[in-house]
Amino acid sequence: MSSMSLAYARIKKERSDARNNDKAMEDNDRHNAAKLIKMIASELAWSKILYVLTETLLKNTGAQRALMISPSLRIEGQDQENLQDEIQLEEIQWEVDAVANDDQVSVFIPDENGNVPSDVVDKDYCISALNFVLHTRRILIVPDAVNDSIFGRDPYILQRRVRSLLCMPLCHSNKLVSVVYLENNVNNATFTRRCLTLCRMFAQQAAVSLDNARLCHQLSLSNSTLIRATEAANQANRAKSAFLANMSHE
């Protein structure tokens, strides 16, 4: 066999191996996405959904940090139903609900008393990237953030020397439920088309599950508040009855 034939055969084999490798990675991504969708579709615990999402993103996208950012629970319900209004967007406080970093996941969900876990975790992120997604509802991918003509001016990007950045909205029923934020400070162009495809696979179910779990959590908080208020009123009535009973005996 001539040297040219050998070279052609080698190139053909390399291309075939590359296609097989790409298919294997695509199959693995679909498997991971299907597994994640199944896990969160039947889950109503808000904190658990956040944990699973951020952990999966960290392990499968090449991100060094993965954050979930959502509207504060302290805003009024009317604001939550009109997040597309830019005037109201400026008034809404967005908070980090979960952070995945170095294989460690921290979730920050207020309990029935409004207390949030006080883990010492870095919650900072590129605010200009978040604002872009809030106002456009478009996925943002910046392959070389520190040298980008727009986002490279952000103080966070300059300080952290962020290389790759991805910010993706999660929407359900025309409502912006949450925002996925990913970054890598070592490599440029970390978040490829394959990564974006993976994120899109579970984005819709993630938005639905997060929205439902958030509503359940708010309902639980409201019920807890009502129970405490009822108990306080009962205690006051008992104290009043005891006082009146004592007065009648004197």
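## Close-up views of a predicted model

**View 1. The second largest cavity.** About 30 Å³ of space lies in the second largest cavity. The model shown here is predicted. Its structure holds two cavities of 30 Å³ or more. By class, the lining has three nonpolar, two polar and one charged residues. Rolling a probe the size of a water molecule over the atoms shows where empty space is left.

**View 2. The second largest pocket.** This pocket has a volume of about 150 Å³. Helices α1 (3-41) and α2 (46-61) are the elements that give two or more residues to its lining. The lining residues are Asn32, Lys35, Leu36, Met39, Val52, Glu55, Thr56, Lys59 and Asn60. Helix α2 provides the largest share, five residues. The classes are evenly represented: three nonpolar, three polar and three charged residues.

**View 3. Lys48 in helix α2.** Lys48 has its place in helix α2. Val107 is 59 residues away from Lys48 in sequence. In space, the C-alpha atoms of Lys48 and Val107 are 8.5 Å apart.

**View 4. The six-stranded sheet.** Six strands make up an open sheet, in the order β3-β2-β1-β6-β5-β4. Their pairing is antiparallel. Which strands stand at the edges? They are β3 (104-107) and β4 (140-142). Each has a single partner strand, so one side of each is left without a neighbour in the sheet. On average, neighbouring strands are turned by 15° against each other, direction ignored. In a regular strand the side chains alternate between the two faces of the sheet.

**View 5. Strands β1 and β2.** Strand β1 covers residues 65-71 and strand β2 covers residues 94-101. The two run antiparallel and are joined by seven bridges. One of the paired positions involves Arg65, whose bridge partner in β2 is Asn101.

**View 6. Strand β5 and its partners.** β5 is mostly covered, with eight of its nine residues buried. Three bridges link β4 to β5, and these strands run antiparallel. Leu140 has Cys167 as its bridge partner in β5. β5 also pairs with β6 in the antiparallel sense, over nine bridges. Here Leu170 stands opposite Ser178 in β6.

**View 7. The β5-β6 hairpin turn.** How many residues lie between β5 and β6 in their hairpin? There are two residues between them. Ser173 is in the turn and has a positive phi of about 55°.

**View 8. Helix α5 across the sheet strands.** Helix α5 is made of residues 127-136. α5 lies across β1, β2, β4, β5 (164-172) and β6. Its direction is at about 30° to β5.

**View 9. The whole chain.** Seven helices and six strands make up the secondary structure. From the N terminus on, the elements run α-α-β-α-α-β-β-α-β-α-β-β-α. Of the 250 residues, 39% count as buried. Among contacts between residues at least 6 apart in sequence, 65% join residues at least 24 apart.

Technical notes
Residues are numbered from 1 along each chain as its sequence is written. This is a predicted model: local features need pLDDT of at least 70, side-chain atom pairs count only at pLDDT 80 or more; totals for chains, interfaces and linings use all residues. Side-chain values use heavy atoms; hydrogens and water are left out. On a 1 Å grid over the protein atoms alone, a cavity is a set of points where a 1.4 Å probe fits but cannot get out, and a pocket is an open set with protein on both sides within 12 Å along at least five of seven lines; lining residues have an atom within 4 Å of a point. Grid points are joined across faces, edges and corners, and a volume is the space filled by probe spheres set on the points. Helices (H or I, at least four residues) and strands (E, at least two) are DSSP runs, numbered from the N terminus. Ala, Val, Leu, Ile, Met, Phe, Trp, Tyr, Cys and Pro count as nonpolar, Asp, Glu, Lys and Arg as charged, and the others, Gly among them, as polar. Two strands pair if DSSP finds at least two bridges between them. Axes are lines fitted to C-alpha atoms, for helices over the stretch in contact, and angles run from 0 to 180 degrees between N-to-C directions. Contact means heavy atoms within 4.5 Å. Buried means under 20% relative accessible area, exposed over 50%, partly exposed in between (1.4 Å probe, protein chains only).
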